[in-house]
Amino acid sequence: MAMTFSGLLLDIPAPTALAGPSDIFTRRESNVRSYCRSFPAVFATSRGATMWDEDGRAYIDFFAGAGTVNYGHNEPRMVQAVVEYLTGGGIVHSLDMHTVAKRAFLEEFERTVLEPRGMAHRVQCPGPTGTNAVEAALKLARKVTGRRTVIAFSNGYHGMTLGALAVTANPQARAGAGVPLPHVRVAPYEGNHGMATDEALEALSQQLRLAEQEDGGAAAIILECIQGEGGVNAASPVWLRGVAERARAHGALLIVDDIQAGCGRSGTFFSFEPAGIEPDIILLSKAIGGVGMPMALVLHRPEHDCWQPGEHNGTFRGFNLAFVAATAALRHFWRDDTLARSVATNGAIVREALLDMVQAHPGCALSVRGRGLMQGLRCEDPALAARIGRAAWDRGLVIERSGREDEVVKLMPPLVISDDELRRGLAILAEAVHAAIH
Ligand SMILES: Cc1ncc(COP(=O)(O)O)c(C=O)c1O
């Protein structure tokens with residue numbers, strides 16, 4: 001079946017049944033596959049906040065690739081920039097050699113993101129995934145400080161490679177390592193188990209003191225300002241400032257993992273901006289690549305740039321098509337505050353809709369969390385969250401769950417979602433909540 005979309009001819013094979021051992025995915029793809037189990041369709045095309053499967057069924061996307069397609073699927077200006085670059089013979093792979101695409105990105109990033117925020121940070125291109133950025137950050141913090149221990153937080157998620165897994169809380173993910181995951185101390189994230197701000201900060205101080213007594217001090221504290229996989233827990237500015245003060249006082253670098261909450265998801269480009277803190281290392285991935293192009297960045301202070309050339313090397317560190325899409329994204333969405341204002345407006349619409357759902361079902365122990373376009377509906381009963389997710393999918397809404405027991409239905413639509421798609425998606429969710437409860 002040939003389909004045209006955005007002027008491109010897509011050669012899409014005839015629909016194949018998904019269920020059953022005869023389909024190629026079940027027959028050949030590793031059992032490790034995951035999201036396809038929650039969303040059992042074969043997707044073919046997408047635009048904005050809508051995805052279509054190969055049978056032409058439309059789905060509103062409240063998942064956005066876990067915060068990857070913040071600017072919507074196939075944003076036309078980014079697609080055009082990539083297509084023009086390719087058809088113009090632009091170099092696609094160049095290791096980390098200088099290219100015109102990388103220069104344009106660095107100049108735009110400096111102009112649009114770093115300079116307006118007075119950030120002197122250097123830009124490191126690690127491998128293209130979030131976990132690659134985390135590995136590089138942990139290595140750098142240890143190299144800068146000469147220390148080993150890193151402080152991470154309960155419910156934190158930083159990726160699946162061994163270093164990142166060591167600072168990730170999820171027990172099931174950790175069990176997959178098959179080896180010990182040492183040199184990490186875990187402090188409680190604000191609000192975990194009802195822990196108040198002061199209490200959580202005192203517990204952090206305690207971990208920092210223990211790191212000093214037992215291992216010469218902590219190299220870094222790594223955190224997400226809004227925990228994505230951990231259940232959409234948004235930290236308060238007071239707690240974030242308290243963490244930053246303690247990091248400084250104990251000589252530990254502060255690493256903010258903005259891989260999921262960054263690039264405007266929380267309402268500002270970086271999620272830490274409202275707290276007024278200045279992290280030593282900032283990690284970006286997911287949405288930085290514009291239209292879902294694999295890309296990651298480690299931003300670190302110039303005085304910490306003690307890498308030897310090639311000391312943290314790799315083949316795919318700077319994918320030129322990602323630079324092209326990322327440059328277009330910054331140019332079109334971050335030269336002014338239009339997108340940030342629309343995230344604030346849409347965030348308020350989401351909040352109100354979620355509060356309505358809570359009110360409509362008293363006694364079901366529902367609650368709302370998060371900020372910007374990263375919000376969640378927490379269900380005391382994880383089984384209810386699972387039923388809501390399934391009921392939403394059955395009605396054409398792609399929505400994920402997160403939290404220790406997957407008890408939070410997580411809303412992360414593309415930031416550019418249209419008013420109509422947002423309202424239809426929220427209506428489907430309200431219906432799904434009702435159906436799951438009754
Ligand atoms: C906060 C955070 N850090 C790191 C990662 C790991 O990124 P990746 O899956 O690209 O390795 C994720 C992925 O969801 C994330 O949410």
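Student: How much space lies in the largest cavity?
Tutor: A cavity is a set of points, on a 1 Å grid over the protein atoms alone, where a 1.4 Å probe fits but cannot get out. Grid points are joined across faces, edges and corners, and a volume is the space filled by probe spheres set on the points. For the largest cavity, that space is about 50 Å³.

Student: What kind of model is this, and from which number are residues counted along each chain?
Tutor: This is a predicted model, in which local features need pLDDT of at least 70 and side-chain atom pairs count only at pLDDT 80 or more, while totals for chains, interfaces and linings use all residues. Side-chain values use heavy atoms, with hydrogens and water left out, and residues are numbered along each chain, as its sequence is written, from 1.

Student: How many residues line the largest cavity, and which lie nearest its centre?
Tutor: A lining residue has an atom within 4 Å of a point. By class, this lining has 10 nonpolar, two polar and one charged residues (Ala, Val, Leu, Ile, Met, Phe, Trp, Tyr, Cys and Pro count as nonpolar, Asp, Glu, Lys and Arg as charged, and the others, Gly among them, as polar). The lining has 13 residues, and nearest the centre lie Pro294, Met295, Ala296, Gly318 and Phe319.

Student: Are α12 and α14 roughly parallel or roughly antiparallel to each other?
Tutor: Axes are lines fitted to C-alpha atoms, for helices over the stretch in contact, and angles run from 0 to 180 degrees between N-to-C directions. Helix α12 (residues 338-360) and helix α14 (residues 419-437) pack at about 15°, with axes 10 Å apart. Angles under 35 degrees count as roughly parallel, over 145 as roughly antiparallel, 65 to 115 as roughly perpendicular and the rest as oblique. Therefore α12 and α14 are roughly parallel.

Student: Is the crossing of α5 past α11 left-handed or right-handed?
Tutor: Helix α5 (residues 100-114) and helix α11 (residues 320-333) pack at about 30°, with axes 9 Å apart. That makes α5 roughly parallel to α11. A crossing is left-handed if the near helix is turned anticlockwise from the far one by less than a right angle, and right-handed if clockwise. The crossing of α5 past α11 is left-handed.

Student: Which residues of α14 meet α13?
Tutor: The axes of helix α13 (residues 382-394) and α14 come within 8 Å and cross at roughly 130°, and the two helices are therefore oblique. By class, their contact (heavy atoms within 4.5 Å) has 10 nonpolar, no polar and one charged residues. From α13 come Leu384, Arg387, Ile388, Ala391 and Ala392, and from α14 come Ile428, Leu429, Ala432, Val433, Ala436 and Ile437.

Definitions and conventions. Helices (H or I, at least four residues) and strands (E, at least two) are DSSP runs, numbered from the N terminus. On a 1 Å grid over the protein atoms alone, a cavity is a set of points where a 1.4 Å probe fits but cannot get out, and a pocket is an open set with protein on both sides within 12 Å along at least five of seven lines; lining residues have an atom within 4 Å of a point.
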